Amino acid sequence: MATGTQPPPARTGVRGASRAAIAPRHLRTDRWWLAPAATAAGLLAFIVYSTWRAFANSDYYAAPYVSPFYSPCLAENCAPMRDGPNWEILGSWWGLSPALLILIFPLGFRLTCYYYRKAYYRGFWASPPACAVAEPHTAYTGETRFPLILQNIHRYFFYAAVPVAGILTYDTVLSFRDEEYAWGHMGLGSLIFLVNIGLIWAYTLSCHSCRHVIGGRLRHFSRHPVRYRLWGWVGRLNNRHMQLAWASLISVAVSDFYVYLLATGAFDDPRFF
Amino acid sequence: MSASTGTNASTGTGAGASTAYEAKFRVWRGDADGGELTDFTVEVNDGEVVLDIIHRLQATQAADLAVRWNCKAGKCGSCSAEINGRPRLMCMTRMSVFSREETITVTPLRAFPVIRDLVTDVSFNYTKAREVPSFVPPPGVAAGEYRMQQIDVDRSQEFRKCIECFLCQDTCHVVRDHEENKSSFAGPRFLMRVAELDMHPLDAAEESGLDRKKTAQDEHGLGYCNITKCCTEVCPEHIKITDNALIPLKERAVDRKYDPLVWLGNKIRRRGE
Amino acid sequence: MTQLERRQWDVVVVGAGGAGLRAAVEARERGARTAVICKSLFGKAHTVMAEGGIAASLGNVNAGDSWRVHFRDTLRGGKFLNQWRMAELHAREAPDRVWELETWGALFDRTPDGRISQRNFGGHEYPRLAHVGDRTGLELIRTLQQKIVSLQQEDFREYGDYEARLKVYQECTVTRILKDTGGETDGGSTAVTGTGGTDGGRVAGAFCYERESGRFFVLEAPAVVLATGGIGKSFKVTSNSWEYTGDGHALALLAGAPLLNMEFVQFHPTGMVWPPSVKGILVTESVRGDGGVLRNSEGKRFMFDYIPDVFKEKYAESAEEGDRWYEDPDRNRRPPELLPRDEVARAINSEVKAGRGSPHGGVYLDVSSRMPAEVIRRRLPSMYHQFKELADVDITAEAMEVGPTCHYVMGGIAVDSDTAAASGVLGLYAAGEVAGGMHGSNRLGGNSLSDLLVFGRRAGLHAAEYALGFGADARARPAPDEAPIDAAAAEALRPFGGVAESGAVAGGAVIDGAVAVGAVENPYTLHQELQQTMNDLVGIIRREGEMEQALEKLAELRTRAERAVVEGHRQFNPGWHLALDLRNMLLVSECVARAALERTESRGGHTREDWPAMDRDWRRINLYCRLTGATGPAEGRIALTRRTTEPLRPDLLALFDKEELVKYLAEEELHE
């Protein structure tokens, strides 16, 4: 690596005039680019997949399973799902894919999530690409201004994410039926839904906003023993927030894809009983 | 010389000598006017840390090599530097983490103005320390009458483990890559200090009319933080700066400022003025 | 003649550890404009290394505790050599000093009812150490640092300047105390040690240099508080940081103040012994306080064999009893692992010498078989990390290897007990490790942090009162003589071999005479030889012949130190800094060696193989070190005088049983 004795003129950041004169943007010798690259690739794959599925407006229901991308279904143009989350509150004027109506909430929740923020700031925006690796931008204002100041509404997306998770729980309960809507059955789909909803709840409850609302905002834990205990539990989940974010992202895509496969007749749901 | 003392009796029995080898080092030498990475070949013995090697360079090859250090046990936070591009304490970086063939690059902290060799001007941090309003003792509670529960002090105690090595301040891209942000951003260490005081069970700031959550946002630049977690990654005390201090502080600020209704109301009122 | 930057203050505090910062807080709160000057960055002082806790009889864990019990323990630990009035003030005032920290934001570990928790420690009868895990020193320094900041914020609100009344000069070193009459007149000759003013001049300031730039400057003040800590860097195996070069001790000597009982150097029983690069780093006594046991290579808890007669009634005779004590301290006696530090250090030394040591020449300190892993990680987090990261040892699963390490000097500047004023030099004060007398011949764990606070405050208080006594009129204040300032500048520039490069301009000093005749010396080499000498010849076990040898070696090193030359320039040059610190280390080492040779008994931190017994007649003798005034290279710089101590006040004497007193006090003292 070249290291000149002259600091490059008029540069900022680590190559600024007052800093030690070292030309490279970083001196890391490990594969620091691997993590942001993998993150970006993973997120990109999900974006491509979910965009296709959200706009597809088809193959999202295969009794008794409804794709989590399309639940609840808030427009009239939804596939009829018996006892399912068909709530036509928007009536008939909505002509686009009904997924778009509901996906805003989980999408917003994840977009403003403290973990995903880190992931895409690093992976997509290279701000910074990795620790002690200079970022390419000349100016930075962080989350002090519009639009990024809106990240602070994460709390309200968390509130919205809870009922969405509740509805997906309802969908999971409904999945314990067979194609004829008879209760007391279970297939591979039910199992996938079960895992998915478990991960969704774990991700939702492990959210930093949840940790704050449950107990983090208190000054004296000793005066609120129950909330303190809950805060401890949420804290333990919160330690795994990143893992849960990825696991639930994958599981929701897998659940949708499974429904897609059933709906397109690629294969039949293996039934356990 | 006699071998009369216990400490003395142990020399010679150590497993050190047999495993000595010559390591390749590149150490940045220079000052504010410029400098360069200088190559050294230096002896390394079993169990040594990077700081030992720097000391050996001083004693044998470069007597005036400037370096800060103090306790040599990871407790004072003086010997911060960047080793192979990563901000670390030299006294806590064992040579055994590197392969023998590897060239080890040691540079001063690259976020602060360099003084000489491995020594940088860290006055930024002391300036910021002064800007955080101090602990406000509760009125009417005499010394000796303070009563606090362990669970109420746990959170702030975690932050008080900080040894002020300023590695988090060094790695934070907000100031590392953008000199111009230094005036408006306190950095992770001092935002954590705000969090510590805000979580202190007896701090009476609020009663005295000081809203620490608000000042974190308005005066210490909390919004610049985009929670990319490099501060947590480099912390030698393993303090979870982002998860336990910065994000909770952001959430506390949200309590005050980003309730959408309150926010909207404020906007309208300010427009009207 | 010298163009130097000069700043005027009321009180200058040298050192920013616990004592220095506490002194500065007090002086500033008393209205004195106060400057703190320290070698490291603000907040990095060696106090951060203190682990176990602050001893204060708060009585939170055991209500039986009181200042009287604390006083008694302190005197027992110091083998009755303590300056008893200091020990009394210390025991009485420690609780207030701890509580006060809470009002400044300190967060100690708590008891279930919300008070400050206290832990057991060697030599303390009750759980007495207020602590924060095993990082109490960090909490102390940070709290004081933040208190200083809060005072500066007050000043900012009032004057618009943070440093209007309290300023920290960080990374600056004091090389001379300046006085107003007499002083050195040798104007930059080859003398390393000045003539030392026994001329009665008053303190007028301090000569300093900035480490960053090498620039000289003078702080003028009628009162100077020395709070520079200890001397451990003169020893090879030490828990002390590089700053501990005995600066305050040497500054006081050079200013004409005597040092007291310098032979008493504490070797902490448990320092790390492996890997070599961390040898000497402290393993906190809390490990033993919380249940850790010492074993030799045969697996034996050997401490039961080393309980001295004076402590026989106080310590358990069997492992079973010792173990029961942790749960039921009122009906059992404590295990001998918790004997005072000197006893444990000697015991470990003996075991290793007898061939029952561990592979790296220590003994085993085991906590893994005594507590669940999770409890260890919670109670001893820094120890857990220290061993994990530096030695690859998991202390929750295996034993640590430990051995004695030079830790603390009980001796120090002779001070007045109540005011912390150094004897013989008006305006000079000393507090903390640099002051002598408080701990007698051996310090109990935890008594250091409380010492810092109690006497730091007292020093700040009396220094401020003295300084403010001069009133606002600058002419009433002592003004530093000019000649010693020039001499100090010349002395500081000498390691550049007379060619001071750009520095000579800033320093403005004229250097006469080039390097003395002989080969040029490397300061690092000299330092290593000094450390080896002190470690081997004036270490934990001492013999007459070896100490005489040490004095010869010190004379040789002193001569060679005059030829120490450094390369480079004055900007942040560690080689130069070390060359300047060598003067202090050599002076102090000579004090230690001479006093140790003189005291023909074994007591506390001073163990003579040729005089193994404690001698009751020596108890009343204090040894004072002063400069001789000699300047020839081979001549000793230090002269000793003996002085008999004041008898213990009767009400304090009454705190002890007669049977105990006869072990310590000479016959005639008992009847007085």
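**Labels and cut-offs**

Q: What makes the charged end of C:Arg643 count as sitting over the ring of C:Tyr624?
A: In this predicted model, the charged end of C:Arg643 lies 4.1 Å from the centre of the C:Tyr624 ring and sits over that ring. The distance cut-off is within 6 Å for CZ of Arg, so the contact qualifies on distance.

Q: How do you know that B:Lys182 sits over the ring of B:Phe124?
A: The charged end of B:Lys182 is 5.7 Å from the ring centre of B:Phe124. For NZ of Lys the limit is also within 6 Å, together with an angle within 35 degrees of the ring normal.

Q: Why is the pair of C:Phe496 and C:Trp576 called tilted?
A: The ring centres are 5.2 Å apart and the planes meet at 45°. Stacked needs under 30 degrees and edge-to-face over 60, so the pair is tilted. C:Phe496 lies in the loop between α12 and α13 of chain C, and C:Trp576 in helix α16, 80 residues apart.

Q: Why is C:Phe496 called buried?
A: Its relative accessible area is 8%, and buried means under 20%. C:Trp576, at 0%, is buried by that rule too.

Q: What makes β5 of chain C an edge strand?
A: β5 (118-119) pairs on one side only. The order of the open sheet is β4-β6-β5.

Q: How do you know that β5(C) pairs with β6 of chain C?
A: 2 bridges join the strands, which run antiparallel, and pairing needs at least two.

Note on methods: Residues numbered from 1 in each chain as written. Chains lettered and ligands numbered in written order. Predicted model: local features only at pLDDT ≥ 70, side-chain atom pairs only at ≥ 80, totals over all residues. Heavy atoms only, no water. Helix = DSSP H or I, 4+ residues; strand = E, 2+ residues; numbered from the N terminus. Phe/Tyr/Trp six-rings, centres within 6.5 Å; stacked < 30°, edge-to-face > 60°. Buried < 20%, exposed > 50% of the residue type's maximum accessible area, 1.4 Å probe, protein only.
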